[in-house]
Amino acid sequence: MARRPSDKRDGANSKPKASKPAHGAARGGSKVDAPAAAKASGRRKSAEFPVVGIGASAGGIEALTRLFEAMPADSGMAFVIILHLDPTRESQLAHLLGQHTEMPVAEIADGMAIEPNHVYVIAPDSSLTVERGRLRLKEPAEPRGHRHPVDVLFAALANDQQERAICIVLSGTGRNGTEGLKEVKAQGGCVLVQDPETARFDGMPRSAIAAKLDDHVLAPEDMPKFLLRYIRHAYVAAPHAIDESTADGDSPLDPILALLRVRCGHDFRHYKRSTLLRRVHRRMGLANHEAVDDYTDLLRTNPAEMDALVKDLMISVTRFFRDPEAWETLDKTVLASLVAERNSDAPIRLWAPGCATGEEAYSLAMLLTERAEAAQKQFQIKIFATDSQDDNLKLARAGVYPEAAVSAIPPDRLRRFFDKLDGTYEIKKELRELVVFAQHNLLREPPFSRIDLITCRNLLIYLEPQAQKRVLALLHFGLREGGYLFLGSAETVGVHHDLFEIVSKKWRIYRRLGPTRHDLVNFPLLPGPTRPAHADGLPRLPASRRLVLPKLRNGRFSTASPPPPY
Ligand SMILES: C[S@@+](CC[C@H](N)C(=O)[O-])C[C@H]1O[C@@H](n2cnc3c(N)ncnc32)[C@H](O)[C@@H]1O
């Protein structure tokens, strides 16, 4: 039986020693070995202790006071705080906080190394990032009123600390922090949000909760108790030592994956085991379970935990023009030639599988519209944007994004394609009408056909090599002859050199070679229905949104099937 963390030590008012890594084999599950963790630590160049980023604005001083009065001075964590207020009040923060904690409170100077059991506050009017365990101060790039310093800090912490990143959103107005939290979740970090009922200003907490980025919603004074327990969990204390082997050779993941398959209709058997294992351990850390079997029991009885795990396993981070240089290359090569070759009024068909919350599909729509306008041509543009998660698609269809999500879009383009609402930006109707969003599982459902360009970015990386290979054959099938494929910057066409030629090696742009290869398309990759039966309450797609796809004949596709109606 695995050792469970001692509850006595976790009391908010107790004074534990600096954090020690938790270790020991988990009951019936994956094991953690501390010496291996120490050896593996070469991989990490950032701080070897948890660094907690805290963002707040109006009402933040009160919330910070409540949090630090409950936090022991020797927790083993470091705290980096951004209070997004006017510069005069920011400048008093170090002094004010010093009255509520025994930890040293320092105003940040550029290049300062982060140390455990210290509190760092940002100097007024600067932008803060973290690089390899050091604090970096920069001149803010945006003018006052358009800055998102909390987003900048959270994203930097996530990239530097990865699964060890912990970010907290406290009282404040607006939506600052929400965009940065997406990166924290993508890296496997932890997000605490102040319970809006306890916040003087609930804008920032409610924005993070509405985006479903919170791991726990707590009053500030309850956060230390959770954190002290969480940082001792193997997921944070020894992340590099988690492996899947057990004495009897069975995988502890198997019962969990079976549960997700049967209860939620999500089949993760073709996803990379290492990523799944890390994500399951993250949930175990958040739920305070050391043993995989205990956590599996929790899943059996707690549908909310099941939903949270599925969401964590389907990493949905995205942004407009992600990897801007790649998009520039796509625009200048693929989109320019598509527009030049096609006559006015001709159809142009694009497909973005794994579109998450829509930013990628809208990025395509913007570039293609601009190209068409420059060439004074009008096309029947149809962008099919699909994802296996309905939650994502709801956000995508709404097409409303916080200011931080659009901050890298040049002002002309922003004005042309977005309406500014109260603190958010809404995609204009004319652009939304080019995109059809629909739920579609790439591993289970037939592809679209006769597509000019498929952007399938940052989805293949989560799949096992064999599944990647089969999906790529499927994408070849979905493209018209000579159609283009745009992958994520860590993805390639792998062994399928005979199916695709390289257009840009650096930016993973390819072109379909040869005729349709029915012999390679063996479908579906996964058996069974895409979604559980309707008894589970999931809404059916309205008829207008349902996809009409090529017919399957004997488990293979036929191009002779009637074309989709778009
Ligand atoms: C990391 S996001 C990538 C978003 C976007 N393509 C980008 O690169 O910014 C991966 C997306 O793939 C979706 N996904 C994962 N497995 C899928 C599957 N089998 N079929 C369709 N979508 C899937 C997830 O729901 C998630 O939204």
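Tutor: What follows sets values against cut-offs, one label at a time. Keep in mind that this is a predicted model.

Student: What makes up the protein chain, in helices and strands?

Tutor: The protein chain holds 19 helices and 21 strands. It has 566 residues, and 43% of them are buried. Of the contacts between residues at least 6 apart in sequence, 75% join residues at least 24 apart.

Student: Why is Leu-330 called buried?

Tutor: Count the C-beta atoms around it. The cut-off for buried is 20 or more within 10 Å. Leu-330 has 25 C-beta neighbours inside 10 Å, so it counts as buried. It sits in helix H14, residues 324–341.

Student: Which residues does Leu-330 touch, leaving aside its neighbours within four places in sequence?

Tutor: Leu-335, Phe-486 and Ile-509. A contact needs C-beta atoms within 7 Å. There is also a C-alpha separation to note: Leu-330 and Tyr-484 are 154 residues apart along the chain, and their C-alpha atoms are separated by 9.7 Å.

Student: Is Arg-450 buried, exposed or partly exposed, and how do you know?

Tutor: Buried starts at 20 C-beta atoms, exposed means 12 or fewer, and partly exposed lies in between. Arg-450 has 15 other C-beta atoms within 10 Å, so it is partly exposed. Its place is the loop between S15 and S16.

Student: What makes the phi of Arg-450 worth a remark?

Tutor: Its phi is positive, about 55 degrees, although the residue is not a glycine. Most residues other than glycine have a negative phi.

Student: What is the phi of Arg-508, and where does that residue lie?

Tutor: Arg-508 has a positive phi near 55 degrees, and it is not a glycine. It lies in the loop between S18 and strand S19 (509–512). Arg-508 has 22 C-beta neighbours inside 10 Å, so it counts as buried.

Student: Why do strands S15 and S18 count as edges?

Tutor: Start with the order. Seven strands form an open sheet, S15-S11-S10-S16-S17-S19-S18, with mixed pairing. S15 (435–439) and S18 (500–504) each have a single partner strand, so one side of each is left without a neighbour in the sheet. From one strand to the next, the twist averages 20 degrees.

Student: How do you know that S10 and S16 pair?

Tutor: Pairing needs at least two bridges. Two bridges join S10 (residues 347–353) to S16 (residues 451–456), so the pair meets the cut-off. The two strands run parallel. Leu-350 stands opposite Leu-453 in S16.

Student: What lies across S11 and S15?

Tutor: Helix H16 (residues 390–398) does, at about 160 degrees to S15.

Student: How many bridges join S7 to S1 and to S8?

Tutor: Four bridges join S1 (residues 51–56) to S7. S7 and S8 (residues 190–194) also pair over four bridges. Both pairs are parallel. Gly-53 has Cys-167 in S7 as its bridge partner, and Ile-168 stands opposite Leu-192 in S8.

Student: What makes both faces of S7 covered?

Tutor: Look at the two sides. Ile-166 and Ile-168 on one side are buried, and so are Cys-167 and Val-169 on the other.

Student: What kind of unit do S7, H6 and S8 make?

Tutor: A right-handed β-α-β unit, with H6 at residues 178–186.

Student: Why is H6 called mostly covered?

Tutor: Eight of its nine residues are buried. Among them are Leu-181 and Val-184. The buried residues pack against elements that include helix H5 (149–161), S7 and S8. After H6 comes Gly-188, with a positive phi near 85 degrees.

Student: Last, what surrounds the ligand?

Tutor: A shell of 22 residues, the closest being Thr-318, Gly-354, Ala-356, Arg-457 and Asn-458. By class, the shell has nine nonpolar, nine polar and four charged residues.

Conventions:
Residues numbered from 1 in each chain as written. Predicted model: local features only at pLDDT ≥ 70, side-chain atom pairs only at ≥ 80, totals over all residues. Near = placed C-beta within 6 Å. Nonpolar A, V, L, I, M, F, W, Y, C, P; charged D, E, K, R; others polar. Axes fitted to C-alpha atoms, helices over the stretch in contact; angles between N-to-C directions. Contact = placed C-beta atoms within 7 Å. Right-handed = clockwise from strand over helix to strand, strands pointing away.
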